[in-house]
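Okay, thanks for coming, everyone. Let me put the chain up on the screen, and then we'll walk through a few spots together.

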Amino acid sequence: MLTSLLKKANKNNCICGRDHKVDIKDVIIAKGALDNIGDIIRQVSLGAKTAIICDTNTYEAAGHRVESLLSGLLDKVTTCIITGEDPLVPDERALGKVLLALEPGTDYLISVGSGTITDITRYVSHKLSIPFICVATAPSMDGYASSVSPLIVDGIKTTLSAGLPTVIIGDTDVLSNAPEHMKAAGFGDLVGKIIARLDWRLANMINGEYICEYTIELVRDSLSKCIHALQQDTPDDSRLASAIMEGLVMSGLAISMIGKSRAASGAEHHISHFLEMKAIAGKAPNHLHGEKVSLGTYIMCILYHKVFSNDFAAIKKLISTPPRIQVPEERVTRLTKAFGKTAPAMIERWRSNLPDEKRKRYVVEFLASNWEKLQGMVKEELPKPAELASILDKAKAPYRFKEMGYDLSMIEDAIICSKEISQKYSLLYVLDEIGLLEHFAYETLGDLPR
């Protein structure tokens with residue numbers, strides 16, 4: 001089944017006008033997959049000296065087993081267990097620990113973990129120009145098949161180019177035994193693709209940004225299969241974990257197919273990244289990435305419906321006489337308080353994206369001409385907030401900000417300020433350009449469940 005996904009990801013003459021090629025040799029998601037890791041490594045001929053990268057938890061989940069299985073087969077197996085912060089932060093310190101642990105002449109790396117371990121290993125692999133194999137321990141995020149590594153650099157969430165794994169291994173015995181909140185986080189990361197594709201379409205329609213509907217459909221189909229598995233009367237843990245993992249892998253493949261994360265992340269991820277930066281600064285609870293994406297998806301769902309439930313005459317009236325006038329000095333103050341020491345870079349990004357009158361007029365005229373089409377797109381593709389809440393509840397994915405430990409002012413800042421973390425165009429950018437971001441942010445806050 002996963003071989004089929006690889007075939008889909010390697011596609012010539014796509015409807016988008018490009019050829020897609022993903023340089024991954026194999027993806028194995030099956031019961032007992034780890035038992036065959038020796039044969040898998042021999043088949044891809046990576047060498048006889050490896051280093052296993054894991055943390056304390058993932059060593060217990062699968063690392064010790066990988067170590068045991070390979071110790072008698074390879075000339076040298078080094079195990080690097082990153083200890084210290086819990087949860088582990090993918091920053092310069094963690095990267096340094098891995099580099100210091102590696103033996104000279106290491107042929108390839110094996111990441112044993114989920115998001116953070118995979119991102120660290122991927123980037124080290126890229127910098128050292130050696131391959132890596134990815135052993136997943138939880139279906140918790142979509143970065144397994146990604147070609148980028150989201151890392152924390154100088155306190156800022158930064159997405160850096162890296163490399164693809166040679167092989168991805170997901171043993172469903174391991175995946176299904178992952179903590180429930182990690183599986184819920186994986187579903188949260190996956191459901192965020194609904195917002196991502198809407199934001200991508202806005203960028204395509206307004207700015208002419210390249211778009212690939214083929215990759216959108218691949219991700220959409222995987223999410224649909226996952227929701228179907230979730231909504232069975234008695235969901236099978238192994239089957240559900242496999243469905244989530246398959247969807248997450250497909251999402252990562254979509255990133256690699258087009259060379260950027262458009263099919264996999266939009267404004268919901270901006271909100272997640274903002275909350276993550278707050279957590280690293282010690283000013284917010286540190287939830288898993290997918291848990292924050294789940295919250296970001298629910299927030300953006302409400303925001304999208306808030307905006308497009310209006311007819312354009314109402315929007316035009318709001319533009320001409322906004323209930324909350326967006327004052328530049330007040331935004332600078334907000335950005336300064338929200339981002340602290342990283343604020344100067346964020347303020348500069350905000351200023352560089354301020355529209356002149358010509359740009360604002362263009363965006364308003366585009367919306368006026370395409371409003372009904374946009375309304376239809378939102379109605380067709382985005383569940384209503386109550387429907388999305390029901391799905392998230394079924395998956396045990398969090399979306400109530402107060403229960404997650406966030407206060408209202410932080411969520412307000414997340415909606416208004418998070419877009420500065422990325423130049424990726426989204427509904428948040430559209431609203432800021434027409435002077436209504438703060439208005440609809442406050443409207444959205446009023447509808448969020450506590």
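So, to start: which residue in β7 does Val153 stand opposite? It's Ile156. Before I go on, a word on what you're looking at: this is a predicted model, where local features need pLDDT of at least 70, side-chain atom pairs count only at pLDDT 80 or more, and totals for chains, interfaces and linings use all residues. Residues are numbered from 1 along each chain as its sequence is written, and side-chain values use heavy atoms, with hydrogens and water left out.

Back to the strands. Helices (H or I, at least four residues) and strands (E, at least two) are DSSP runs, numbered from the N terminus. Strand β6, residues 148-153, pairs with strand β7, residues 156-161, in the antiparallel sense, over six bridges; pairing here means DSSP finds at least two bridges between the two strands. Further along, Ser149 has Leu160 in β7 as its bridge partner. The two strands make a hairpin with two residues between them, and Asp154 in the turn has a positive phi of about 55 degrees. Five of the six residues of β6 are buried, and by buried I mean under 20% relative accessible area, with exposed over 50% and partly exposed in between (1.4 Å probe, protein chains only).

Next up, Ser176, in helix α6, residues 172-176. Buried or exposed? Ser176 is buried, at a relative accessible area of 15%. A polar atom of its side chain sits 2.7 Å from the backbone oxygen of Thr172. Leaving aside residues up to four places away in sequence, Ser176 touches Lys183, Asp237, Ser238 and Ala241; contact means heavy atoms within 4.5 Å.

Now helix α7. Ten of its twelve residues are buried, among them Met182, Lys183, Phe187 and Leu190.

Just after α17, Lys396 takes a positive phi of about 65 degrees.

Okay, charges. Side chains of opposite charge can pair when their charged atoms come close. My cut-off for a salt bridge is a side-chain nitrogen of Lys or Arg within 4 Å of a carboxyl oxygen of Asp or Glu, and by this rule the count comes to 24.

Take Arg197 and Glu381: they form a salt bridge, with the closest N and O atoms 2.7 Å apart. That pair links distant parts of the chain, with Arg197 in helix α8 (residues 193-207) and Glu381 in helix α16 (residues 357-381), 184 residues apart. Arg197 counts as buried at 6% relative accessibility, and Glu381 also counts as buried, at 11%.

Glu381 has a salt bridge with Arg220 too, at 3.9 Å, N to O. Arg220 lies in helix α9 and Glu381 in helix α16, so this pair ties together parts that are 161 residues apart in sequence. Arg220 is partly exposed, at 21% relative accessible area.

Then there's Glu412 with Arg334, a salt bridge whose closest N and O atoms are 2.8 Å apart. Glu412 is in helix α18 (residues 408-417) and Arg334 in helix α14 (residues 328-339), so the pair ties together parts 78 residues apart in sequence. Both of these residues, Glu412 and Arg334, are buried. And which residues do shared partners join into one network of salt bridges? Those are Arg197, Arg201, Glu213, Glu217, Arg220 and Glu381.

Last stop: Lys316, in helix α13, residues 312-320. Lys316 is exposed, with a relative accessible area of 54%. Lys316 and Ser369 are 53 residues apart in sequence and 12 Å apart in space, C-alpha to C-alpha. That's my tour, thanks!

How values were computed:
Polar contact = N/O pair within 3.5 Å; in protein donor to acceptor, adjacent residues only side chain to side chain.
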